[in-house]
Each structure stands twice: as C-alpha cells, then as structure tokens.
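The sequence and structure come before the discussion.

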Amino acid sequence: MVLALIAGIACGVGQFFLLRRTLRPLSEGKNPSALMLLSQLPVPIVLLLGCAMINVKLLPFAGGGFCGGLVLSAAANLLIEKKKKD
C-alpha cells in the first residue's frame, strides 16, 4: 500500500515535468511536437497497469498518489516561479 502511494507520487512528479516540458512551446507561441505529447501516455498507464497486476486494491492509492504528486509539483513550481519574479 505504501509502495503504491510512493510510486504514484513519484510518477505524478515525473508527469508534471513532462507536461511542463511539452507545454513550454505553447507559451512561446509554437506548436508542441507530437512525439512529446505522446510521451506522456506511458507514465500513468505503466503505473496503473503495474499496480493492477500486483493487486487491484492498490489502484486507489496509486491514483491518489499520482494526483497528489501532480498537485504538489504544481504548487512548488508556482511558489518557485513567484519567488523568481520578486
């Protein structure tokens, strides 16, 4: 249970950095590459399928950790970016 939560958080943080790198061209007015957009899919799929193969009851913990990791990463990034502007 704890390992699924930790794996979910780690995957959520990794997914956040993939999203940030993929969406950076949009903020610059460019088109993001299709390869970068497709590279985001394996992270949650591998996490959830891996947990489902081990034990289906781990899925809520992995999913919750994944969402929590995304939220924590976004909040930390927001605070860091605000501090850089000041």
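## Helix packing

The crossing of helix 1 and helix 4 is right-handed. This is taken from a predicted model. Helix 1 covers residues 2-27 and helix 4 covers residues 59-85; their axes lie 6 Å apart, at an angle of about 45°. Helix 1 is therefore oblique to helix 4. On the side of helix 1, the contact is made by Ala4, Leu5, Gly8, Ile9, Cys11, Gly12, Val13, Gln15, Phe16, Leu19 and Arg20. Helix 4 contributes Phe61, Ala62, Gly65, Phe66, Gly69, Leu70, Ser73, Ala74 and Asn77. By class, the residues of this contact are 12 nonpolar, seven polar and one charged.

Helix 4 also packs with helix 3, which spans residues 42-54; the two axes come within 9 Å and cross at roughly 155°. At that angle, helix 3 is roughly antiparallel to helix 4, because angles over 145 degrees are classed that way. The crossing of helix 3 and helix 4 is right-handed. Val43, Pro44, Leu47, Leu48, Cys51 and Ala52 of helix 3 meet Leu59, Ala62, Gly63 and Phe66 of helix 4. Nine nonpolar residues and one polar residue make up the contact of helix 3 with helix 4, and no charged residue takes part.

| Helix pair | Axis distance | Crossing angle |
|---|---|---|
| Helix 1 and helix 4 | 6 Å | about 45° |
| Helix 3 and helix 4 | within 9 Å | roughly 155° |

Ala62 and Phe66 of helix 4 are among the residues that touch helix 1, and both are also listed in the contact with helix 3.

## Aromatic pair

How many aromatic pairs does a search of the whole structure find? There is one. It is formed by Phe16 and Phe17, whose ring centres are 5.6 Å apart and whose planes stand at 70°, so the pair is edge-to-face. Phe16, with a relative accessible area of 12%, is buried, whereas Phe17 is partly exposed at 45%.

## The chain as a whole

The protein chain has four helices and zero strands, and its elements run α-α-α-α from the N terminus. Its C-alpha atoms fill a box of roughly 45 × 30 × 10 Å along the principal axes. Of the 86 residues in the chain, 19% are buried. Among contacts with a separation of 6 or more, 63% join residues 24 or more positions apart.

Terms used:
Residues are numbered from 1 along each chain as its sequence is written. This is a predicted model: local features need pLDDT of at least 70, side-chain atom pairs count only at pLDDT 80 or more; totals for chains, interfaces and linings use all residues. Side-chain values use heavy atoms; hydrogens and water are left out. Axes are lines fitted to C-alpha atoms, for helices over the stretch in contact, and angles run from 0 to 180 degrees between N-to-C directions. Helices (H or I, at least four residues) and strands (E, at least two) are DSSP runs, numbered from the N terminus. Angles under 35 degrees count as roughly parallel, over 145 as roughly antiparallel, 65 to 115 as roughly perpendicular and the rest as oblique. A crossing is left-handed if the near helix is turned anticlockwise from the far one by less than a right angle, and right-handed if clockwise. Contact means heavy atoms within 4.5 Å. Ala, Val, Leu, Ile, Met, Phe, Trp, Tyr, Cys and Pro count as nonpolar, Asp, Glu, Lys and Arg as charged, and the others, Gly among them, as polar. Rings of Phe, Tyr and Trp (its six-membered ring) pair if their centres lie within 6.5 Å; planes under 30 degrees apart count as stacked, over 60 as edge-to-face and the rest as tilted. Buried means under 20% relative accessible area, exposed over 50%, partly exposed in between (1.4 Å probe, protein chains only).
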